[in-house]
Amino acid sequence: MDNFEEENPFETDIDRVPSETSSTSKVNISAPSSPRHPARVLSPTIPTLSRPFPSSGTNRHPQTTYKSDFCCGRDQWLHSGEDLEILITDAQKTSLNSNTPYITYVIRAGNAEARHRYSEFESLRSSLVKLYPTIIIPPIPSKQTIGDYATKQAKAKEDTAMIARRKRMLQTFLNRIARHPILSNEHVFHRFLDGEVSWTEVLHSPPLSLLPKNTLKAPSHNPTDQSAASAYAALPNPSATHPLRNPDQRSVDSEIFTNKFANHLSGPMEKVTRRTLKRWSENAQDYSELGAALNGYSLNESGALAAAMEKTGQAVDTTYMSTTRLLQELEQNFSEPLHEYAQFAVIIKKLLAYRHQKHVQYEMTQDALEHKREMLEEYEKSEREAKRLDEALSKGRVNGLRSPGSPAEGEEGQSQPQNQHQDEAEEPGSAYLPPHPGPNPYKRRAPGMGFLNALSYTLHGMMDVDPETARRSGISKTRETISQLEDALHLSAQDLKYSSSTIQADLDRFQRQKVADLREMTISMARIHRDWCKKNLEAWQAAKKEIEKIPDHPNKRPPSPEARPVPGPSGLRRDSTATVNGR
């Protein structure tokens, strides 16, 4: 774990080359970065450390803003410069506009109140993922598993603990978006917080209605831009596992670190945390049963012993209640954030896979363009050879027409042009070749062979294409394809540069957020255990005072002055014989 942080490529260092230049250092891209669409432009808001679960008194700095033009009231409230927080105040069961009941979550953002079900939170996140394919979109709580539905059946959606967990994690999701320097400016998010807007209308209106089915064939800076749809249609759709010829080392380092990060979280840390919480829960249940037994036993006794037993039972009950409280706080402030960061690791993997696919797309477009250029060169070479052959044939025709018209000079002179004409007819370079006659539709068919001759004529009509026409058509189509691929290559280079720089910048922001959150998680864990120990200590000290009021055993032997105390909590070693004899 010591070198785990040293290998981190996400951290910001003064001596580190800026990500805008380092992320494409291994890629030969000379095109400038593509201009950002006004709707997707970076906000001038200064990013702050995001804390999803701030405890009371946490010194969070208010968000500084330089924004002056606001699209709506929610936008103005989010960028007011104050330390604001979106709250989910309640979870209510309803069947509005539905045949089956469902849980709706009440969201309060300033003076606005909105109600949304879980599936609408899910659609908000998926929409943001498509609108911003180069940004880390915060996760939402996982869906119910098939096992939960199988064990709880109809009561799975009414599980109180699950609903409370979703309330907390959905609130964290909304606040992470609200504190993001880019996502907080998205009007789709503002409309989600506005209770007077129908979310169904938002999903079927721009910009969400303009989103493409495949984000790889759309601009990275603005997937809703359809002005270059024809050029993007020429781009290939590569697989995430397709290898790269010239991988970017910074991206490779990021992928390696993300895999380590995911393995640490989803592996040992989450497993040990779940096992620890399970054992704390079993321990609390045992304390509950023990406290009830001690309190019941105290009713059968009297005097100081009854009071001591009752006080001991109360101390055990206090331990049970404090352990239950410890479990709740550990789940809220450590287990849930840990699971959230395991989800973050999966999201970052998908983000890096998108960048990888964009790089593969760039290289595949380069290969396709080179292949088409080679095809065009072959076509042009064939065209030149055909022209040279036509010129040679034309010269042969001219010489053949002039030879019969020359004046005759005896029999020897008349036979010489004829022999010369026969020799030229045998030479392939100067011979006159008639044009291809093609299939003869008027050829008389043999009796009894009508169907076969018709079929043969059809096949010849399909296959006997004029080579010259086919060659020139191929040249025209190849040049058109090369023009499209050149435009697509330019757009792909711009997307690759923008994706690399934006993803790396958001990874750097995420690293700062992760450090702040892990610090908050560890401080919360220390505070939770400190409060648990403090409360239990007070209860057991009170029980000790009552126990000391119990009189000594009547058969107890007075301590001998020569007896040396045995090291231990009470200074005396206790065994079964001493208990029976009263010593």
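Reader: Which residues touch the most other members of the largest nonpolar core?

Author: The model is predicted. Its largest nonpolar core holds 34 residues. Those touching the most other members are Ile86, Phe121, Leu124, Leu174 and Phe189.

Reader: Which element gives the largest share of this core?

Author: Elements giving two or more residues to this core include strand S2 (102-109), helix H4 (118-131) and helix H7 (187-193). Helix H6 (160-178) is also one of them. The largest share is seven residues, and it comes from H6.

Reader: Leaving aside neighbours within four places in sequence, which residues is Leu124 in contact with?

Author: Leu124 is among the core residues that touch the most other members. Sequence neighbours within four places are left aside here. The contacts of Leu124 are then Phe173, Leu174, Val188, Phe189, Phe192 and Trp199.

Reader: How many residues are in the other core, the one with Ala262 and Ile347?

Author: That core lies apart from the largest one. Leu352 and Leu507 are also among its members. Its residues number 19.

Reader: How many disulfides does a search of the whole structure find?

Author: A disulfide needs two cysteine sulfur atoms within 2.5 Å. The sulfur of Cys72 is 3.7 Å from its closest cysteine sulfur, in Cys71, so the pair is too far apart for a bond. Over the whole structure, the number of disulfides found is zero.

Reader: Where does helix H10 bend, and by about how many degrees?

Author: H10 covers residues 249-298, and its 50 residues should span 74 Å. Its end C-alpha atoms are 71 Å apart, which agrees. The bend is at Glu270, by about 35 degrees.

Definitions and conventions: Residues are numbered from 1 along each chain as its sequence is written. This is a predicted model: local features need pLDDT of at least 70, side-chain atom pairs count only at pLDDT 80 or more; totals for chains, interfaces and linings use all residues. Side-chain values use heavy atoms; hydrogens and water are left out. Helices (H or I, at least four residues) and strands (E, at least two) are DSSP runs, numbered from the N terminus. The expected span of a helix is 1.5 Å times one less than its number of residues. The bend at a residue is the angle between axes fitted to the seven residues ending there and the seven starting there. A nonpolar core is a set of buried Ala, Val, Leu, Ile, Met, Phe, Trp, Tyr and Cys residues joined through side-chain atoms within 4.5 Å. Buried means under 20% relative accessible area, exposed over 50%, partly exposed in between (1.4 Å probe, protein chains only). Contact means heavy atoms within 4.5 Å.
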